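Welcome! Take a look at it first, and then follow the notes below.

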2 protein chains.
Amino acid sequence: MKDLPVGAIAVIFVSMRTETDPGGYADAATLMVEKAEKFPGFLGVDSARGTDGVGITVSYWASQDDALAWKRDAEHSAVRDLGRDRWYRWYRLHVTQLLRSYGWSAGGAGGR
Amino acid sequence: MKDLPVGAIAVIFVSMRTETDPGGYADAATLMVEKAEKFPGFLGVDSARGTDGVGITVSYWASQDDALAWKRDAEHSAVRDLGRDRWYRWYRLHVTQLLRSYGWSAGGAGGR
């Protein structure tokens, strides 16, 4: 990911998966990332889920309006409803604004 | 976690582990969380690491000064140096400030 500008929006989505998967989660997650990438102001995404079921996805946006437009997308909203029905036990969402940012890499490039 | 107040600091740490572990990572990670919890202004932490080696840890703080005091802790700094030597291929760190926050839970409690 390129460096993030100060003032960028980071949306932190922390979730716990259901213990049984009725199906569709992986496809929906891939589709949502592919769709988000085409939205104006999308700067990148980081995602990780551990074996305990806790996952964190952080999406980065140029502005609050850009993040809101993605939130309000009809298909995204429909998938969110599915998520509550099928895939998540709970989630929390934190909308934050970037104050500063830095990276380090073993290769010396300051992050990927 | 209790609700986060608007203006709280969220420090997003995204990292890629080395492929081989020379040892000590799990113990150091546990120790650092236990120590951070005792710092003034610590509000909580979320953490996940997937099988691809990418991990995300978000720590939440009441103020920038509280987050900085933790950053400057001598033991924390020493473990960070170890991390660069041993455990990480790269990392990025984003210091952000909370604009808004909400949760949902299948039980209706609005998140754990």
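B:Ala106 touches A:Tyr88 and A:Arg89, leaving aside residues up to four places away in sequence. Please keep in mind that this is a predicted model.

**Around B:Ala106**
- You will find B:Ala106 in the segment that follows strand 4 (88-105) of chain B.
- B:Ala106 counts as exposed because its relative accessibility is 57%, where exposed means over 50%.
- B:Asp66 lies 40 residues from B:Ala106 along the chain, and their C-alpha atoms are separated by 33 Å.

**A hairpin in chain B**
- Strand 2 (residues 42-49) and strand 3 (residues 54-61) of chain B pair in the antiparallel sense, over 7 bridges.
- One of the residues to look for is B:Gly44, whose bridge partner in strand 3 of chain B is B:Tyr60.
- This hairpin has 4 residues between the strands, and B:Gly53 takes a positive phi near 95 degrees there.

**The nonpolar cores**
- The largest nonpolar core has 28 residues, and A:Ile12 and B:Ile12 touch the most other members.
- Strands 1, 2, 3 and 4 of chain A and strands 1, 2, 3 and 4 of chain B each give two or more residues to this core.
- Beyond residues up to four places away in sequence, B:Ile12 touches residues of both chains, including A:Ile12, A:Val58 and A:Tyr60 as well as B:Ile56, B:Val58 and B:Leu93.
- A second, separate core of 19 residues includes A:Ile9, A:Phe13, A:Tyr25 and A:Trp87.

**Two helices in chain A**
- Helix 2 (residues 64-72) and helix 3 (residues 74-87) of chain A have axes that come within 5 Å and cross at roughly 65 degrees.
- From helix 2 of chain A, the residues A:Trp70, A:Lys71 and A:Arg72 meet A:Ala74, A:His76, A:Ser77 and A:Arg80 of helix 3 of chain A.
- The residues of this contact divide into 2 nonpolar, 2 polar and 3 charged.

**A:Ser59 in its strand**
- A:Ser59 sits in strand 3 of chain A.
- Is A:Ser59 buried or exposed? A:Ser59 counts as buried, because its relative accessibility is 14% and buried means under 20%.
- The side chain of A:Ser59 makes a polar contact with that of A:Trp61, at 2.9 Å.
- Residues touched by A:Ser59, not counting those up to four places away in sequence, are A:Ile9, A:Ala10, A:Val11, A:Gly44 and A:Val45.

Key. Residues numbered from 1 in each chain as written. Chains lettered and ligands numbered in written order. Predicted model: local features only at pLDDT ≥ 70, side-chain atom pairs only at ≥ 80, totals over all residues. Heavy atoms only, no water. Buried < 20%, exposed > 50% of the residue type's maximum accessible area, 1.4 Å probe, protein only. Contact = heavy atoms within 4.5 Å. Pairing = 2+ DSSP bridges. Core = buried A, V, L, I, M, F, W, Y, C linked by side-chain atoms within 4.5 Å. Axes fitted to C-alpha atoms, helices over the stretch in contact; angles between N-to-C directions. Nonpolar A, V, L, I, M, F, W, Y, C, P; charged D, E, K, R; others polar. Polar contact = N/O pair within 3.5 Å; in protein donor to acceptor, adjacent residues only side chain to side chain.
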